[in-house]
Amino acid sequence: MMTNLFSVFDPSTTILNLSLNWLSTFLGLILIPSSYWLLPNRFQMMWNNILLTLHKEFKTLLGLSGHNGSTLMFISLFTLIMFNNFLGLFPYIFTSTSHLTLTLALAFPLWLSFMLYGWINHTQHMFAHLVPQGTPAVLMPFMVCIETISNVIRPGTLAVRLTANMIAGHLLMTLLGNTGPMASNYLILSLILITQIALLVLESAVAIIQSYVFAVLSTLYSSEVN
């Protein structure tokens with residue numbers, strides 16, 4: 001039962017032993033209508049407002065003044081993760097963000113680049129960041145160890161947080177979907193259907209929130225090394 005339950009996360013479409021399911025990661029770019037790029041419409045105006053809001057918030061977190069392209073990377077990260085989270089809610093579409101292969105591939109290079117930039121260009125600041133201000137001299141060695149461990153596990157926590165939330169929601173929907181055909185009467189079937197709809201709405205909110213959390217935490221990690 002557990003093998004069948006978790007098999008919904010397995011890449012299954014292969015050609016010449018190469019999995020094509022990971023191509024769904026870029027499916028959002030294909031689904032964006034061409035009218036979005038050509039003529040102004042309601043969707044374009046709404047999306048531009050969202051991007052502008054994200055730009056202002058990320059710019060504040062990074063401590064930037066004026067217009068700066070540094071927020072583009074984090075906005076693109078938010079967009080990529082959100083599209084993949086939403087696509088995973090549709091039937092027969094592979095959820096790439098439910099795998100550590102993708103989430104860790106996004107989190108680890110970001111964290112590594114931030115650490116290398118900080119230690120090479122702001123070495124004293126990075127050393128000072130290991131010991132919070134006002135720490136007693138007796139606790140300094142312990143605080144250095146704690147801060148070092150917390151910095152090292154950051155890419156893992158970023159990746160696992162996103163993956164775990166995606167897996168949990170999809171497992172619940174899979175369990176409810178398997179329970180529906182075994183319902184004995186219409187009342188139970190109706191309750192299961194209502195629960196599935198409510199869970200789908202909840203998962204849609206989780207898809208947005210988790211992509212936002214991933215992008216905001218990446219922005220905060222970047223601001224610490226500047």
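**Exercise 1. Confidence along the chain**

Determine where in the chain confidence is lowest and where it is highest.

*Solution.* The structure is a predicted model. Step one: the lowest confidence falls in strand β1 (residues 14-15), with a mean of 50. Step two: the highest is found in α6, at 92. Step three: for the chain, the average pLDDT is 80, and 79% of the residues score at least 70. Where pLDDT is low, the predicted coordinates should not be read in detail.

**Exercise 2. Annotated segments and their helix content**

State which residues UniProt lists under "transmembrane region", and describe the chain over residues 72-93 and over residues 100-120.

*Solution.* Step one: the unreviewed UniProt entry lists residues 20-39, 72-93, 100-120 and 183-202 under this heading. Step two: residues 72-93 are 73% helix and 0% strand, and their end C-alpha atoms lie 27 Å apart. Step three: residues 100-120 are 100% helix and 0% strand, with end C-alpha atoms 29 Å apart.

**Exercise 3. A nonpolar patch on the surface**

Identify the residues of the nonpolar patch and the helix that gives the most to it.

*Solution.* Step one: the patch is formed by Leu100, Leu104, Phe108, Leu112, Leu116, Ile120 and Val160, which together have about 620 Å² of accessible area. Step two: helix α6 (residues 100-121) gives the most, with six residues. Step three: take Leu104, found in helix α6, as an example. Its relative accessible area is 37%. Patch residues need over 30%, so Leu104 passes this cut-off with its 37%.

**Exercise 4. The surroundings of Tyr212**

*Solution.* Step four: Tyr212 and Phe78 are 134 residues apart in sequence, yet their C-alpha atoms are 6.0 Å apart in space.

**Exercise 5. The salt bridge**

Find how many salt bridges are counted, name the partners and decide whether each is buried or exposed.

*Solution.* Step one: the count is one salt bridge. Step two: the side chains of Arg154 and Glu224 form it, at 2.9 Å from N to O. Step three: Arg154 lies in helix α9 (residues 154-179) and Glu224 in helix α10, so the pair ties together parts that are 70 residues apart in sequence. Step four: Arg154 is buried, with a relative accessible area of 12%, whereas Glu224 is partly exposed, at 24%.

Note on methods:
Residues numbered from 1 in each chain as written. Heavy atoms only, no water. UniProt positions renumbered as here; feature names shortened; annotations may be inferred. Helix = DSSP H or I, 4+ residues; strand = E, 2+ residues; numbered from the N terminus. Patch = residues over 30% accessible without salt bridge, like charges linked within 9 Å, V, L, I, M, F, W, Y side chains within 5 Å. Areas by Shrake-Rupley, 256 points an atom, 1.4 Å probe, with all protein chains shown as cover. Salt bridge = Lys/Arg side-chain N within 4 Å of Asp/Glu carboxyl O. Buried < 20%, exposed > 50% of the residue type's maximum accessible area, 1.4 Å probe, protein only. pLDDT = per-residue confidence, 0-100.
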